[in-house]
Amino acid sequence: MRNRSGFTITELLVVVVVISILAAITLTTYAGLQKRAATSAVRADLQSAYKVLQGDYIGTGSYPATLAEANGGKGLSFGPDIAALYTATSSTFCLSLRNTRQNAVASTTDQNVVTESSCSS
């Protein structure tokens with residue numbers, strides 16, 4: 001009688017299914033981690049921008065009309081994947097930042113209220 005060694009097709013299919021399930025779980029977890037990291041980075045950028053805008057308000061008595069005028073005319077800049085939307089009056093402002101790769105959005109106001117949505121017009 002001939003001794004046959006190796007795996008059956010059923011055993012190989014079970015291994016492929018288990019590896020596929022593990023890969024799917026890993027990919028979805030990784031995507032969630034990336035989104036949370038992007039949201040955290042946007043929120044940190046907002047806190048930094050808030051401090052600069054508050055400094056401008058204290059120094060001049062009003063918020064800058066544009067982000068280019070902020071920081072004593074030096075302007076505010078963000079990373080290459082960050083899109084900013086800024087609206088201001090002399091006594092209020094709203095700044096929204098969006099990470100264009102991960103679509104993470106957050107905004108802050110002159111009251112230092114940070115939300116995970118864009119400024120309402």
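Reader: Is isoleucine 25 buried, partly exposed or exposed?

Author: In this predicted model, isoleucine 25 has a relative accessible area of 48% and is therefore partly exposed, since the exposed class begins over 50%.

Reader: How should I read the spacing of residues along a helix, and which residues of helix 1 are buried?

Author: An α-helix has 3.6 residues a turn, so residues three or four places apart point the same way. In helix 1 the buried residues include Ala38, Thr39, Val42, Leu46, Ala49, Tyr50 and Leu53, and the buried residues of this helix pack against strand 1 (82-88), strand 2 (93-99) and strand 3 (104-109). The helix has 52 residues and reaches 76 Å from its first C-alpha to its last, close to the 76 Å expected at 1.5 Å a residue, and after it comes glycine 61, with a positive phi near 85°.

Reader: Which cysteines does a disulfide join here, and what is its handedness?

Author: A disulfide is a covalent bond between the sulfur atoms of two cysteines. Here cysteine 94 is joined to cysteine 119, with an S to S distance of 1.8 Å, and the torsion about that S-S bond is about -95°, so the disulfide is left-handed. The pair links distant parts of the chain, 25 residues apart, with cysteine 94 in strand 2 and cysteine 119 in the segment after strand 3. Cysteine 94 is buried at a relative accessible area of 14%, and cysteine 119 is buried at 13%.

Notes: Residues are numbered from 1 along each chain as its sequence is written. This is a predicted model: local features need pLDDT of at least 70, side-chain atom pairs count only at pLDDT 80 or more; totals for chains, interfaces and linings use all residues. Side-chain values use heavy atoms; hydrogens and water are left out. Buried means under 20% relative accessible area, exposed over 50%, partly exposed in between (1.4 Å probe, protein chains only). Helices (H or I, at least four residues) and strands (E, at least two) are DSSP runs, numbered from the N terminus. The expected span of a helix is 1.5 Å times one less than its number of residues. Contact means heavy atoms within 4.5 Å. A disulfide is a pair of cysteine sulfur atoms within 2.5 Å.
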